[in-house]
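Let's take a friendly walk through the charged and nonpolar features on one helix. Have a look at the sequence and the model first.

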Amino acid sequence: IGGSVRCVQETGKLQQSKTDDLARKLEEIHGRLHDLPTRQEIKIADDHLNSGIDAKLALARKENAAKIEEIQKQNAEDKREKDEEIDEMKRKIKENEQAQEAIEEKVTQALEEKIKEIEKTAAKKEDANNEAFGAFKDKIETKMNEQEK
């Protein structure tokens, strides 16, 4: 009987030890659960995180819009400068064409005047030749007439 009592006592102690271990583990788990945030705390933290993300996205969108606007302004300025350069080139081309036309007109005019001078000179030479030929002819006729007499 003494052995049975001792066995029961040992079994009771073993059971008590296991119960104590389980109670200690349960308290530890309960402590950890108590340390975990509540659903409300999680929602508040999530909302705070989302609002931070939303704020960063809004800021990034604003920065991107500003960059896009700056690029568009620069592109517009570049286009305006190129258009001005093109207009300047067109103006110079037109001036060159007008100058070329003026030169061609002056050259044509000078050539026409030179042709008129040459024609006048040729007419004068022809008249002089005709006069000389007429005088020569008259001399010959006079000599022929003298010889016939």
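The report below covers salt bridges and then a nonpolar patch. Please keep in mind that this is a predicted model.

**Salt bridges**

The structure holds nine salt bridges.

| Pair | Distance (N to O) |
|---|---|
| Asp47 and Lys43 | 3.2 Å |
| Arg80 and Glu77 | 2.4 Å |
| Glu88 and Arg91 | 2.3 Å |

How are these partners spaced along the chain? Asp47 and Lys43 are four residues apart in helix α2, so about one helical turn separates them. Arg80 and Glu77 sit three residues apart in helix α2, again with about one helical turn between them. Glu88 and Arg91 are also three residues apart in that helix, which means a separation of about one helical turn.

Lys43 is exposed, at 52% relative accessible area, while Asp47 is partly exposed at 38%. Arg80 is partly exposed at 38%, and Glu77 is partly exposed at 29%. For the remaining pair, Glu88 is partly exposed with 31% relative accessibility, and Arg91 is partly exposed with 37%.

**A nonpolar patch**

Ile103, Val107, Leu111 and Ile115 make up a nonpolar patch on the surface, and together they have about 370 Å² of accessible area. Ile103 belongs to helix α2, which spans residues 39-148. With a relative accessible area of 48%, Ile103 is partly exposed.

Note on methods: Residues numbered from 1 in each chain as written. Predicted model: local features only at pLDDT ≥ 70, side-chain atom pairs only at ≥ 80, totals over all residues. Heavy atoms only, no water. Patch = residues over 30% accessible without salt bridge, like charges linked within 9 Å, V, L, I, M, F, W, Y side chains within 5 Å. Areas by Shrake-Rupley, 256 points an atom, 1.4 Å probe, with all protein chains shown as cover. Salt bridge = Lys/Arg side-chain N within 4 Å of Asp/Glu carboxyl O. Helix = DSSP H or I, 4+ residues; strand = E, 2+ residues; numbered from the N terminus. Buried < 20%, exposed > 50% of the residue type's maximum accessible area, 1.4 Å probe, protein only.
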